[in-house]
Amino acid sequence: MHYRPLGTLGVEVSEISLGCNRLGEGTATTDHWVGLVRRARELGVTLFDTAANYRGSEEILQQALGSDDQAIIATKISGDGSAESPADHFAMEHVLRGAEAALTRLGRSRIDILQLHSPNPQQLRQSDWPLAFERLQQAGKLRWRGMAIENAEAGRWLIENKLIDVLQVTYNIIQSKWAPELFPLAQQHGIALMVRMPLCRGVLTGKFAHGVIPGARATLNRDALPGQIDKAASLQPLAQDYPGGLHHLAMHYALTPPAVSCLIPGARTIEQLEQNVAASNGFGLDAPMLTRLEAITESWHR
């Protein structure tokens with residue numbers, strides 16, 4: 001495993017970390033998920049990204065990690081579904097209650113990274129959530145301020161107003177339109193970047209064909225999915241001679257920007273986890289391969 005600085009926060013994290021949205025999924029036992037997390041630690045994974053609405057994921061992390069102070073946990077609070085105005089979705093009291101509940105589920109006295117879960121720019125500007133982060137830090141219950149965002153506008157506003165330490169963005173070969181706009185700005189301000197969905201919900205493993213996706217998370221890509229499958233297929237001639245195939249090609253693409261601190265792919269099985277971790281190479285794609293890849297992706301827009 002290779003490690004990278006978490007922005008300028010003074011710690012390093014495993015460049016392949018673990019997105020915990022799969023923990024607790026389906027009919028697998030708690031022992032299975034606890035074993036998967038512990039295997040991740042054995043492989044050198046140090047950062048785990050979870051959320052309040054990930055089916056008991058926080059409790060699984062508590063059981064698996066205990067008091068392991070080398071494991072960094074990033075969790076998220078969703079907006080208040082009963083709120084009638086943007087100002088109330090991430091109001092201070094809502095965030096404080098969510099943080100206290102997360103601390104209980106995680107069995108910890110401090111949250112390493114607390115993120116708001118996909119707020120829109122209007123909610124960000126109008127809610128008084130920054131006061132909640134400030135109070136939590138003053139009380140020693142929060143280490144770093146985070147945000148899981150869906151567009152560059154939100155990221156720019158957060159960085160320019162010095163409201164954040166860590167940003168989570170979507171970035172992969174297929175879905176890379178808005179995130180790279182933030183990379184230079186984040187690097188300039190020392191903001192850590194966590195990249196979700198480096199495999200485009202599994203599309204960039206090449207395992208899907210049209211109509212053969214029973215129960216896969218890729219179905220969440222909805223109308224975009226058929227075109228994404230076609231794009232993944234167009235990468236296969238390049239990937240067939242690449243060490244690790246399309247999977248590693250995709251992971252290395254997402255690791256290439258130096259502003260990226262870590263990737264947070266999910267995993268349902270030990271095999272998937274080990275395949276993800278094996279993609280760690282410390283730098284991503286070399287320049288010649290990146291040029292060849294970009295020649296293909298540019299053809300998608302002609």
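Buried means under 20% relative accessible area, exposed over 50% and partly exposed in between, with a 1.4 Å probe and protein chains only. The model is predicted, so local features need pLDDT of at least 70 and side-chain atom pairs count only at pLDDT 80 or more, while totals for chains, interfaces and linings use all residues. Residues are numbered from 1 along each chain as its sequence is written, and side-chain values use heavy atoms, with hydrogens and water left out.

**View 1. Strand β5 and its side chains.** Strands (E, at least two residues) and helices (H or I, at least four) are DSSP runs, numbered from the N terminus. Strand β5 covers residues 72-77, and six of its six residues are buried. In a regular strand the side chains alternate between the two faces of the sheet. Ile72, Ala74 and Lys76 point one way from β5, whereas Ile73, Thr75 and Ile77 point the other way.

**View 2. The strands paired with β5.** Two strands pair if DSSP finds at least two bridges between them. β4 (residues 47-49) runs parallel to β5, and three bridges join them. Here leucine 47 stands opposite isoleucine 72. β5 is also joined to β6 (residues 111-117), by four bridges, and these two strands run parallel.

**View 3. The unit of β4, α2 and β5.** Helix α2 (residues 57-65) makes a right-handed β-α-β unit with β4 and β5. A crossover is right-handed if, with the strands pointing away from the viewer, the path from the first strand over the helix to the second runs clockwise.

**View 4. The pair of tyrosine 171 and phenylalanine 183.** Rings of Phe, Tyr and Trp (its six-membered ring) pair if their centres lie within 6.5 Å; planes under 30 degrees apart count as stacked, over 60 as edge-to-face and the rest as tilted. A search of the whole structure finds three aromatic pairs. In one of them, tyrosine 171 and phenylalanine 183 are edge-to-face, with 5.1 Å centre to centre and 80° between the planes. Tyrosine 171 lies in the loop between β8 (166-170) and α8 (183-188) and phenylalanine 183 in helix α8, so the pair ties together parts 12 residues apart in sequence. Tyrosine 171 is buried at 6% relative accessibility, and phenylalanine 183 is buried at 7%.

**View 5. The pair of tyrosine 171 and tyrosine 253.** These two rings are stacked, 5.3 Å centre to centre with 25° between the planes. Tyrosine 253 lies in helix α11 (residues 245-255) and tyrosine 171 in the loop between β8 and α8, so this pair ties together parts 82 residues apart in sequence. Tyr171, Phe183 and Tyr253 form one aromatic cluster.
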